[in-house]
Amino acid sequence: MTLHDDAVAVLSSWTAPTPEEEALRVEFLGHLRTYDDAMWRACAPGHLTATTAVLSHDGARVLLTLHPKAGQWLPMGGHCEDFDATLEAVALREATEESGIAGLELLPGPLAVDKHEVWCHPPRSWHLDVEYAAVAPPGAEAVMSDESLDLRWFPVDEIPELSDEATRRLAARGRAALGSRSRSLG
């Protein structure tokens, strides 16, 4: 199975929680049908990416990066690479690389989808973002990568204004997913 096949399978089986995200899910699947290179940065109209909200072990805080191009506090995420086998692998790799935290545990997902304009292919290109959450081990300390201007933990309910609604939504859904998992294990 290719990464493209995995993305089709993931999005085909995912139940979108809102009508807006259902429309995006259908759009992403159409994009995958139209473009053989839909997973790769070279796909100029847009390409699938993976984003991960990194949560503290208790779900109280989310780790955000101050993105140099967007100028906002955002979750970890980025482009697919040719060695990635699944969207989950992309999400976990990007979260680990950008947070510097080993041992992240990816929660079952995706938890959300989002589409946003980016700078990959001027004047306009899109990230078709499939979004996950991961849990950091207790006592984890983040290490800032070269891809960030700053890296900080924020309470999930106190994400700074210099962010966006997609980040707030993903952090809240990640915390809820962690809480559901904890209740089912307890």
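1. Buried means under 20% relative accessible area, exposed means over 50%, and partly exposed is in between, computed with a 1.4 Å probe on protein chains only. At 3% relative accessibility, Ile101 therefore counts as buried. Ile101 lies in the loop between α3 (87-99) and β5. Helices (H or I, at least four residues) and strands (E, at least two) are DSSP runs, numbered from the N terminus.

2. A word on the source: this is a predicted model, in which local features need pLDDT of at least 70 and side-chain atom pairs count only at pLDDT 80 or more, while totals for chains, interfaces and linings use all residues. Residues are numbered from 1 along each chain as its sequence is written, and side-chain values use heavy atoms, with hydrogens and water left out.

3. What does Ile101 touch, leaving aside its neighbours within four places in sequence? Contact means heavy atoms within 4.5 Å. The partners of Ile101 are Val54, Leu63, Thr96, Ala136, Pro137, Ala140, Glu141, Ala142 and Trp153. For one of them, Pro137, the C-alpha atom is separated from that of Ile101 by 8.4 Å, and the two residues are 36 residues apart along the chain.

4. Trp153 lies in strand β8. Not counting residues up to four places away in sequence, Trp153 touches Val54, Leu55, Ser56, Arg61, Val62, Leu63, Ile101, Ala136, Ala140 and Ala142. Trp153 and Val54 are 99 residues apart in sequence, and their C-alpha atoms are 9.2 Å apart in space.

5. Ser148 is in the loop between β7 (125-135) and β8 (151-155). Ser148 has a relative accessible area of 10%, so it is buried. Its side chain reaches the backbone oxygen of Asp150 at 2.4 Å. A polar contact is a pair of N or O atoms within 3.5 Å; within protein, one must be able to donate a hydrogen and the other to accept it, and residues adjacent in sequence count only if both atoms are side-chain atoms. Beyond residues up to four places away in sequence, Ser148 touches Thr65, Leu66 and Pro68.

6. Is Leu107 buried or exposed? Leu107 has a relative accessible area of 2%, so it is buried. Leu107 is found in the loop between β5 (105-106) and β6 (112-118). The C-alpha atoms of Leu107 and Ala177 are separated by 7.3 Å, although these residues are 70 residues apart along the chain.

7. Two peptide bonds deserve a check. Most residues other than glycine have a negative phi, and most peptide bonds are trans. The bond from Gly109 to Pro110 is cis, with omega near 10°; Pro110 is in the loop between β5 and β6. A cis peptide bond also joins Pro122 and Pro123, with omega about 5°, and Pro123 lies in the loop between β6 and β7.

8. Helix α1 (residues 3-13) and helix α2 (residues 19-34) pack at an angle of about 155°, with their axes 10 Å apart. Axes are lines fitted to C-alpha atoms, for helices over the stretch in contact, and angles run from 0 to 180 degrees between N-to-C directions. α1 and α2 are therefore roughly antiparallel to each other (angles over 145 degrees count as roughly antiparallel, under 35 as roughly parallel, 65 to 115 as roughly perpendicular and the rest as oblique). The residues in contact are His4, Ala7, Val8, Leu11 and Ser12 of α1, and Arg25, Phe28, Leu29 and Leu32 of α2.

9. Thr86 is in the loop between β4 (76-79) and α3. At 28% relative accessibility, Thr86 counts as partly exposed. Not counting residues up to four places away in sequence, Thr86 touches Leu3 and Asp6. Thr86 and Asp6 are 80 residues apart in sequence and 5.8 Å apart in space, C-alpha to C-alpha.
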